[in-house]
Amino acid sequence: MDKRSVFLKIYANLPVGSRNEIVVVVDEQPMTWNSVWLEVNEETPLSKKILEKLVDLEILNDE
């Protein structure tokens, strides 16, 4: 499964209240699960950077 699909699966299973919590900081900008979802959903150039960072933090598995 690709990183985007893994993220979307994790996001779908998060409690709604947790989605406003910061999950990653990219380019000194803190990002919540919701803001990451927006980037990933639109497949922006920033989303690739975010997904790589989530793999580095072991939040996502890149296998």
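Contact, as the word is used here, means heavy atoms within 4.5 Å. In this predicted model, V36, E39 and V40 in helix α2 meet L46, S47, I50, L51 and L54 in helix α3. By class, the residues of this contact of α2 with α3 comprise six nonpolar, one polar and one charged.

Two packed helices are described by the angle between their axes and the distance between the axes. The table gives these values for the two helix pairs.

| Helix pair | Angle between axes | Distance between axes |
|---|---|---|
| α1 (residues 3–13) and α3 (residues 45–56) | roughly 75° | within 10 Å |
| α2 (residues 33–42) and α3 | about 125° | 8 Å |

The axes of α1 and α3 cross at roughly 75°, which makes α1 roughly perpendicular to α3, since angles from 65 to 115 degrees are counted in that way. On the side of α1 the contact is made by K3, R4 and F7, and on the side of α3 by L51, E52, L54 and V55. The residues of this contact of α1 with α3 divide into four nonpolar and three charged, with no polar ones.

For α2 and α3, packed at an angle of about 125°, the two helices are therefore oblique to each other, and their crossing is left-handed.

The strands form a separate topic. Strand β1 (residues 22–26) and strand β2 (residues 29–32) run antiparallel and are joined by four bridges, and V25 stands opposite P30 in β2. The hairpin of β1 and β2 has two residues between the strands, and in this hairpin D27 takes a positive phi near 50°.

Technical notes: Residues numbered from 1 in each chain as written. Predicted model: local features only at pLDDT ≥ 70, side-chain atom pairs only at ≥ 80, totals over all residues. Heavy atoms only, no water. Axes fitted to C-alpha atoms, helices over the stretch in contact; angles between N-to-C directions. Parallel < 35°, antiparallel > 145°, perpendicular 65-115°, else oblique. Nonpolar A, V, L, I, M, F, W, Y, C, P; charged D, E, K, R; others polar. Pairing = 2+ DSSP bridges. Left-handed = near helix turned anticlockwise from the far one by under 90°.
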